[in-house]
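Trainee: I would like to learn how to read a model like this one, feature by feature. Where should I start?

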Amino acid sequence: SNFQESALAGGVSVVDFWAEWCGPCRLIGPIIEDLATEYEGKATIGKVNVDDNPEVSLKYGVRSIPTILIIKDGEVVDKQLNLLSIAFIIQIIEKRVSATLAAPCFEDLTPLEEINKYKE
């Protein structure tokens with residue numbers, strides 16, 4: 001499957017488990033998409049729709065969404081539940097990628113301010 005090829009191939013992967021009907025998932029979606037661009041070449045960042053891929057969700061014990069898995073070299077090394085701030089997600093990725101990303105524009109934001117930034 002695409003999940004096997006991408007997330008488990010090696011290196012660091014960030015996988016967002018989501019569903020279309022999930023409000024918090026829709027809020028975090030643009031953040032994940034921005035991070036995919038920011039970390040291109042450093043980490044694989046993608047999304048798994050739990051409704052379309054129940055077997056993957058079951059295999060990784062995803063019982064609530066949004067859930068973000070950090071996978072390094074094929075092994076789950078971190079699992080985060082519910083809505084996260086972009087600064088926190090960056091911190092988790094950086095911990096695993098071991099690269100430095102300066103993100104001063106996010107340091108002073110509260111999670112609510114970040115969420116509102118992505119609302120249309």
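Mentor: Start with the order of elements: read along the sequence, the protein chain follows the pattern α-β-α-β-α-β-β-α-α-α. That pattern comprises six helices and four strands. Keep in mind that the model is predicted. Of the 120 residues of the protein chain, 42% count as buried.

Trainee: How do strands S1 and S2 run relative to each other, parallel or antiparallel?

Mentor: Look at the bridges between them. Strand S1, residues 12-18, and strand S2, residues 44-49, run parallel and are joined by six bridges. The chain gets from S1 to S2 through helix H2, residues 23-38, and this β-α-β crossover is right-handed. As a landmark in the pairing, tryptophan 18 stands opposite asparagine 49 in S2.

Trainee: Is asparagine 49 buried or exposed?

Mentor: Compare its relative accessible area with the cut-off: buried means under 20%. Asparagine 49 has 9%, so it is buried. Its side chain also has a polar atom 2.8 Å from the backbone nitrogen of aspartate 51.

Trainee: Which cysteines does a disulfide join, and what is its handedness?

Mentor: For the pairing, take the distance between sulfur atoms, where the cut-off is 2.5 Å. Cysteine 22 and cysteine 25 are joined, with S to S at 2.4 Å. By this rule the count is one disulfide. For the handedness, take the torsion about the S-S bond; here the torsion is about 75°, so the disulfide of cysteine 22 and cysteine 25 is right-handed. Both cysteine 22 and cysteine 25 are buried.

Trainee: How many salt bridges does the structure hold?

Mentor: The general idea is that side chains of opposite charge can pair when their charged atoms come close. This structure holds one salt bridge. Its partners are glutamate 33 and lysine 47, whose closest N and O atoms are 3.4 Å apart. The pair links distant parts of the chain, with glutamate 33 in helix H2 and lysine 47 in strand S2, 14 residues apart. Glutamate 33 is partly exposed, at a relative accessible area of 47%, and lysine 47 is partly exposed as well, at 35%.

Trainee: What is the nearest side chain of opposite charge to glutamate 94?

Mentor: That is lysine 42, 5.6 Å away. A salt bridge needs a side-chain nitrogen within 4 Å of a carboxyl oxygen. Glutamate 94 has no salt bridge, yet is buried. Glutamate 94 lies in helix H4, residues 86-97. Its side chain makes a polar contact with the side chain of tyrosine 39, at 2.4 Å.

Trainee: Where is a cis peptide bond found?

Mentor: Check omega. Between isoleucine 65 and proline 66 omega is about 0°, and the peptide bond is cis. Proline 66 sits in the loop between helix H3, 54-59, and strand S3, 67-72.

Trainee: Which residue has a positive phi although it is not a glycine?

Mentor: Aspartate 73, with phi of about 50°. Aspartate 73 belongs to the loop between S3 and strand S4, 75-81.

Terms used:
Residues numbered from 1 in each chain as written. Predicted model: local features only at pLDDT ≥ 70, side-chain atom pairs only at ≥ 80, totals over all residues. Heavy atoms only, no water. Buried < 20%, exposed > 50% of the residue type's maximum accessible area, 1.4 Å probe, protein only. Pairing = 2+ DSSP bridges. Helix = DSSP H or I, 4+ residues; strand = E, 2+ residues; numbered from the N terminus. Right-handed = clockwise from strand over helix to strand, strands pointing away. Lys, Arg positive; Asp, Glu negative; His and termini not counted. Polar contact = N/O pair within 3.5 Å; in protein donor to acceptor, adjacent residues only side chain to side chain.
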